[in-house]
Amino acid sequence: MNAENTVKECAWQAIGALYGAAGELPELQVAKTRKEFEGDYTLVTFPLLKLSRKSPEATANEIGLWLKENCGHIVADFNVIKGFLNVSLTPEYWLGCLGTLMQSPNYGFVCESGRSMMVEYSSPNTNKPLHLGHIRNNLLGYSVSKILEANGHNVLKANLVNDRGIHICKSMLAWLKFGNGETPQSSGLKGDHLVGKYYVAFDKAYKAEIKELMAGGMSEEDAKREAPIMREAQEMLRKWEAKDPEVYGLWEKMNGWVYAGFDETYKAMGVSFDKVYYESNTYLLGKELVQRGLEQGVLFRKEDGSVWADLTGDGLDQKLLLRGDGTSVYMTQDLGTAVQRHGEYNLDEMIYVVGNEQNYHFQVLKLILKKLGYGWADGIYHLSYGMVELPEGKMKSREGTVVDADDLIAEMISTARAVAEEAGKLDGLSEQEIAEISRMVGLGALKYFILKVDPKKTMLFDPKESIDFNGNTGPFIQYTYARIKSLERRAAEQGGIAVTSVADFEQGRLPEPKEIELIKHLTEFAGVVRQAGAEFSPAVVAAYAYDLAKEFNQYYHDYPILKPEVAEGDRVFRLSLATQVAGTLNRAMGLLGIEMPQRM
RNA sequence: GGUCCCGUAGCUCAGCUGGAUAGAGCAACAGAUUUCUAAUCUGUCGGCCACAGGUUCGAAUCCUGUCGGGAUCACCA
């Protein structure tokens with residue numbers, strides 16, 4: 001069931017019959033007819049002029065006449081404006097589409113592509129809590145996973161936690177120095193926030209030491225290196241690498257606090273993972289790979305013993321892979337991890353959801369893997385997303401301008417509640433229902449706000465102007481859904497309407513123009529899912545859901561569905577159509593990780 | 001300096017595999033409600049699609065250059 005293809009096939013037949021199918025055929029251009037013209041689909045005739053050897057108008061007319069005579073799905077009336085042929089499909093055809101939809105509760109979702117993919121996202125550091133930038137990452141990663149699943153792929157959601165390194169040692173050290181044994185239990189602080197507090201404390205103490213050293217005549221660079229607290233942190237990292245029991249125990253304890261905190265945030269956001277990796281387990285990977293590359297002559301060694309990849313032939317620079325002392329760097333680890341995962345799961349694609357500041361890194365990663373002879377490197381895709389900026393510019397933790405993820409989520413939910421209460425939407429509902437609706441709507445607003453924007457674009461978030469609940473927003477779409485659910489409840493109270501196929505409709509009840517518009521929208525969902533999957537773009541799905549909701553709201557406004565004056569035949573038909581809209585909205589929003597309330 | 005990304009209404013964003021008169025939302029203004037839920041609907045206002053060339057029947061969309069903004073080019077991750 002694909003109306004556009006139906007039109008295309010008819011057009012091909014017309015062209016074959018009229019002009020012969022000889023020679024190479026131009027691409028057929030069929031598009032949805034613009035609103036201001038009459039018709040469902042438009043055939044652009046300009047590319048066909050070489051075949052027809054006639055004017056655009058004559059060609060369009062000729063094809064239109066042929067379709068009228070020979071194609072049963074296309075209505076007799078067509079119109080030609082300049083080189084554009086506008087045709088419509090019959091109400092019977094659209095009724096058939098509605099019938100197919102009613103029989104296909106999972107319309108739009110493909111089963112079993114046979115392809116396996118890993119989507120790596122989130123990948124936080126364990127020294128501070130999640131912020132707005134992480135929210136964009138997590139929502140994107142989760143949504144893209146859902147979209148790929150809907151395209152029939154076997155998807156593994158992965159999280160590579162950066163649990164080791166100097167950053168966590170900073171938090172650990174500051175906690176030892178200033179913490180007085182404080183724990184999440186004793187302080188009432190969420191674990192990740194507690195650890196983040198000591199990361200900030202470290203930075204403060206570090207800065208004070210630098211200032212003092214510089215006052216004593218030292219250069220800034222030297223002061224940064226010589227500051228005692230920094231030396232201590234580095235010493236701590238060495239002890240960690242040597243698995244010093246005391247340091248290791250502290251590390252495990254504080255990371256445990258952070259994980260408990262993250263789990264809470266993940267749960268609140270509604271994201272999850274199939275596989276969690278820890279850098280403490282993977283940071284030594286890749287060394288063998290580099291050795292092999294060295295033997296193959298793909299990599300080279302400098303006098304100091306360090307190993308490099310020469311990418312200057314590809315327009316890039318040289319890239320360090322092993323230091324002179326044999327220790328590895330970030331890239332080494334990522335190379336090793338990629339190879340290991342590919343061996344483990346035989347992945348067709350690996351999608352990395354990582355900010356655009358790492359564009360270069362992934363370009364290099366892919367290139368080196370190819371040089372090492374891994375053909376599957378072509379299946380690596382860096383889903384690069386832009387920063388979330390505040391009105392005053394970038395978020396800076398040092399200046400305290402970060403928008404904390406937990407705070408923002410809580411604020412969205414409480415705002416949703418306040419808005420609903422003011423509008424009297426929650427009267428008569430239990431506290432539990434109120435809390436659940438507020439949660440869904442608040443999160444829906446936040447998720448939609450972020451996911452509707454093209455991932456690669458830098459986006460702006462203004463905390464002072466709280467996220468809207470009207471217009472092109474998540475709650476708008478949720479509201480549309482809730483109203484349909486309300487209709488369904490009412491219909492059930494009135495004795496139920498048992499319609500499962502078009503055969504149950506009143507004889508001769510065909511869709512009216514506005515209803516055809518809705519059916520047309522509904523049939524486009526499969527194409528939207530496919531496109532979103534091919535482009536890794538939740539924004540495509542968001543735009544679709546909004547358009548469908550808007551279209552339905554107009555219909556709902558103009559056409560009564562269950563009002564007493566509505567004839568039984570119309571009532572049944574309209575409710576069935578509304579149910580299809582609700583189902584499609586629900587599936588579309590599900591791909592964005594947005595839940596739909598039954599009432600709001 | 002090299003490479004990559006972005007520039008569309010006052011603001012936030014669609015549209016970009018070339019198609020008809022460039023679309024939404026917010027904001028502003030004017031309307032619709034004895035409600036199948038007004039978190040809705042209708043209308044008005046708002047544009048040298050950064051700029052200049054090129055490609056062609058046709059360019060916001062493709063190519064080149066310029067300007068503006070961002071990222072990156074670490075023995076950090």
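Me: By class, how many nonpolar, polar and charged residues does the surface near RNA strand B have?
Reply: This is a predicted model. In it, the surface near RNA strand B has 27 nonpolar, 15 polar and 18 charged residues.

Me: What about a base nitrogen; which residue lies 3.1 Å from one?
Reply: That is Tyr559, through a backbone N or O atom.

Me: Which element gives the most to the surface near RNA strand B?
Reply: Helix α18 does, with seven residues. The elements giving two or more residues also include β2 (41-44), β4 (84-87), β14 (459-460) and α21 (538-558).

Me: Changing topic: at what angle do α6 and α11 pack?
Reply: Helix α6 (residues 166-178) and helix α11 (residues 245-269) pack at about 100°, and their axes are 10 Å apart. Because of that angle, α6 is roughly perpendicular to α11.

Me: Which residues make the contact?
Reply: From α6, Ile168, Ser171, Met172, Trp175 and Leu176 take part. The residues of α11 include Val247, Leu250, Trp251 and Asn255. By class, this contact of α6 with α11 has nine nonpolar, two polar and one charged residues.

Me: Asn255 interests me. What does the side chain of Thr126 do with it?
Reply: The two side chains make a polar contact at 2.9 Å. Thr126 is found in the loop between β5 (116-120) and α5 (132-150).

Me: Is Thr126 buried or exposed?
Reply: Thr126 counts as buried, because its relative accessibility is 0%, under the 20% cut-off. Beyond its neighbours within four places in sequence, its contacts include Asn162, His167, Ile168 and Tyr259.

Me: And Ala242, buried or exposed?
Reply: Ala242 is exposed, because its relative accessible area is 60%, over the 50% cut-off. Ala242 is found in the loop between α10 (228-241) and α11.

Me: How many Å apart in space are Ala242 and Pro564?
Reply: They are 79 Å apart, C-alpha to C-alpha, and 322 residues apart in sequence.

Technical notes:
Residues are numbered from 1 along each chain as its sequence is written. Chains are lettered from A and ligands numbered from 1 in the order in which they are written. This is a predicted model: local features need pLDDT of at least 70, side-chain atom pairs count only at pLDDT 80 or more; totals for chains, interfaces and linings use all residues. Side-chain values use heavy atoms; hydrogens and water are left out. A polar contact is a pair of N or O atoms within 3.5 Å; within protein, one must be able to donate a hydrogen and the other to accept it, and residues adjacent in sequence count only if both atoms are side-chain atoms. Helices (H or I, at least four residues) and strands (E, at least two) are DSSP runs, numbered from the N terminus. Ala, Val, Leu, Ile, Met, Phe, Trp, Tyr, Cys and Pro count as nonpolar, Asp, Glu, Lys and Arg as charged, and the others, Gly among them, as polar. Axes are lines fitted to C-alpha atoms, for helices over the stretch in contact, and angles run from 0 to 180 degrees between N-to-C directions. Angles under 35 degrees count as roughly parallel, over 145 as roughly antiparallel, 65 to 115 as roughly perpendicular and the rest as oblique. Contact means heavy atoms within 4.5 Å. Buried means under 20% relative accessible area, exposed over 50%, partly exposed in between (1.4 Å probe, protein chains only).
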